Amino acid sequence: MINFILLISRQGKTRLKKWFVPCPERDQFRTIKEVSSLILNRSPKVCNFLEWRDYKLCYKRYASLFFIACIEQNDNELLALEMVHHFVECLDRYFGNVCELDLIFNFHKAYYILDEILISGELQESSKRAVLHHISEQDAMMQENEQAKRKG
Amino acid sequence: MSIKLRELIRSIRAAKTAAEERAVIARECALIRTAFKEDDNQFRHRNVAKLLFIHMMGYPTHFGQMECLKLIASSKFAEKRVGYLGLTQLLDENTDVLMLVTNSVKHDMNHENQYVNGLALCALGNIGSNEMCRALAREVENMMASPNPYLRKKAALCAMRIVRKVDEIEDKFNGKIGNLLEDRHHGVLLAGCSLLTTLLEVNPSYIKEFRRHIPSLVRALRNMVTSGYSSAAEYDIAGITDPFLQAKILRLLRIFGERNVDASDEMNDILAQVATNTEGTKNTGNSILYECVLTIMSIEAESGLRVLGINILGRFLQSRDNNIRYVALATLQRVVNVDQQVMQRHRNTIIDCLKDADISIRKRALDVTYSLIDETNIKSMTKELLNYLLVAETDFKEELCSKLCMAVDKFSPNRQWQIDTLIKIMCLGGSYVKEEQREKFCRVVAATPELHAYTVTKLYANMRESLSQEALVHVGVWCLGEFGDLLVSGNAVGPDDQPISVSSGDVLDLLYDVVRKPPSAEKAAATHCLVAAALIKLVTRCPSEAEKIKKLLRRFDASLHVDLQQRSCEFLELLHSEWDPHRAGILDRMPVPEKEIGGADSRDRPAPVGGAPTGGKDLLDLNDLLDGPAAPSATSNVVSTPAYPASGGGGDLLDLLDGGPPTAPAPTMGGDGLLDMLGVPPAPAASQDAPPMVAFEKNGLKITFFPRKDADGSTTVLAKFANNLNVPMTNFVFEAAVPKYITLTMQPATGQVLPPQTDLVTQTMRCVNSTHGEKGLLMKLRIGYVCNGTPVQEMGQIGGFPLGY
């Protein structure tokens, strides 16, 4: 299972963080600092996997963002990279050519999309079409709410 | 007026300094806090959203927790959504506040709108605590049978979490799993497989029960792998249909097929099909192949399938892609026990990976390399690993050294090679070679008498070149001490088989250099202790240098390091003329410890040969001394405590000394154990209402013993200490040691100061002679006191007790 997912900018700023195991806030921030310094300092030519404490960190750089997934020792690293890519593709289809700025101003939407892809560290939907369908339906419900509010 | 989320983000990003950013955030937090206090319904969800952004930046936001609860309870979807997001971000399963949410979550799970259900299930699945899981298990179970696949899949993953978290109800969902596995919807299948995998990991006894689902899993997998699958387009990633589901099924098959031949047969075909048909060009395909290979290697696969798997691994190893190579090495590590020949075939590739630029790959290659070493390739592998040691990072070095030493000890073909390699490791590894390995090396050397000369010559040559490697220096110093005579005997043969001449002076010079510039400044004292021990041994082996040795030892006798000072004082004492007859015996070669040396040893000879003159075992076998201190006895073996606390008399000696008065300075007999000293000459002091005996008399101190035999066969000795000087003796300490067959208990002395011209201070000792008088009572004494500001250490021994004591 995936223990946590982090999105870090190249300057080390957190753009998204989701923990699937209980972890107190203080430890979360400490971990983020440790992990980002480890990963941001790696050369671009080396492999995308890093052993850290008892886990494996799988990371991939998309434009100016690093997507980091922390998995268990006996998990499939290549598959973890695929899951990250799956997430990125969904984001891309939703925002249309997603860039870091989209994720900064719409971080809550990124979280909603992540909630449709992963629960408790495991994948729940492998079809991008289905994910986007559900997201747009929920967005529509939010719109209805807004309209109802304005009317009433 | 509450600003929009967007505005807040913009203003935070516009802040030019950290202080400015903090100010913006502090201001906004204050506004938000006020809004919460005023129970502002309209903008609550916007405020919580802003709070979440602030939280992600790392600022404290605990005051928002209760607001999330309020939002969740709202009827509007938009508010619920933000509320649940806040819940999962600001709280975790250990927060107490979470319990309050249970009711809302339950309510939402029964809501008519699927997305509200979805929100609730998500929350439970991500941060559900033990209590929440228990409370909501029934709802989750119901939803697993819902006609809506959206809910089924989420419920299944919630069930997975419940199984993980709550012990007792793990079998609650067993009935439903079957249906999940027969489902057509990929999301549900994925969730079902995850649930089953987790269940089987938690409780492997269920594996048998669920094996009946193998056919449906195989069928699902086959559908995906063959072309013409109906929903292929929707799940297509890089030409492969739903790689995630394929990988999940493969993993599940692995659990079923392990150690079960029938199950493995069922999945044989499909595994072969996946292995051959999957394209290995992109990462997607490779992830499937990786999972497939892992499965093939874990189950009872038939040979054809196994060959297929191994070929894939081989391909991976040769790949130019770093990720693939890393994964291949990781797999090799796992399957190393399964098939040795495969491993050997790829040995060269693996060794090349040791030199890779990528540190992750290097580390993996190192792990695999250790497992590859065996008798046939030990020499070449060691060469490679030694090369690697030169360039390895510091955190690898220690592990590498210890693993290399272990491998060498286990597999070396003969002693000489073993010693050579260990020396090489120490030359390169420096201080990373651990204590145990150094001691082991010494042990090995001690057990190989024919190589003593060779070893000491080699070490001498290496030390002449460089004194910077700590392990080498320590071991070298010890060997010089033990075998120095072989070195200067004129028979020494250099590395190129030319006779070399080393004089005693050279050896002394080398030791002097070590003293002046120890390899490690912080541990200089440890090095000096070893040098001191070596020096005293050299007195007998290189008698011409006695003066120089004395001078060198004197350097330490005022050292601040207690161990060092004690050693040098005792050794200097040994150089006094009265020890002449015994010195040779005392400083004789160390006996070979009994402990097995392993590897080459067990192959070359059946039992370790004790090359050195024996008797070390019975450290205090003082039968020879029964005739009185004047009797010379060349073989009297109050020998060195051997290097390792594990063997021989060293332990005994220490035990005896510890039985002494508690005020005795703890005889720190060498923290690293390479101590070569006898410590305390025991003084016999058994008596039995016998006439008083003078046990010791020197420099104005006179000790008289009043022995008395008790009814129970033990002996009580009263020692009286008389000070005949005109100055007091302070810090008076009296210790005694007895041979092995005697048990000695000492009472504390009545005082530690001996006033001048008195004999008031006494000390009582009790001895039990287990041989019941067959062997006489002997005792060796050690006395220490301060007189006129100078510390004095004296030794004595007393035999000549009446028989039967």
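Tutor: The model is a predicted one, and the strand to look at is β5 of chain B, which covers residues 715-723. Seven of the nine residues of β5(B) are buried, so this strand is largely enclosed by the rest of the structure. On one hand, β5(B) is joined by nine bridges to strand β4 of chain B (residues 701-709), and the two run antiparallel; within the pairing of these strands, B:Leu718 in β5(B) has B:Phe706 standing opposite. On the other hand, eight bridges join β5(B) to strand β8 of chain B, residues 758-769, and this pair also runs antiparallel; here B:Thr715 has B:Cys767 in β8(B) as its bridge partner. As for side chains, those of a regular strand alternate between the two faces of the sheet.

B:Ala238, with phi near 55°, sits in the loop between β1 (236-237) and β2 (240-241) of chain B, and is partly exposed, since its relative accessible area is 43%. B:Asp242, with a positive phi of about 40°, belongs to the loop between β2 and α15 (243-257) of chain B, and counts as buried because its relative accessible area is 0%.

Conventions:
Residues are numbered from 1 along each chain as its sequence is written. Chains are lettered from A and ligands numbered from 1 in the order in which they are written. This is a predicted model: local features need pLDDT of at least 70, side-chain atom pairs count only at pLDDT 80 or more; totals for chains, interfaces and linings use all residues. Side-chain values use heavy atoms; hydrogens and water are left out. Buried means under 20% relative accessible area, exposed over 50%, partly exposed in between (1.4 Å probe, protein chains only). Helices (H or I, at least four residues) and strands (E, at least two) are DSSP runs, numbered from the N terminus. Two strands pair if DSSP finds at least two bridges between them.
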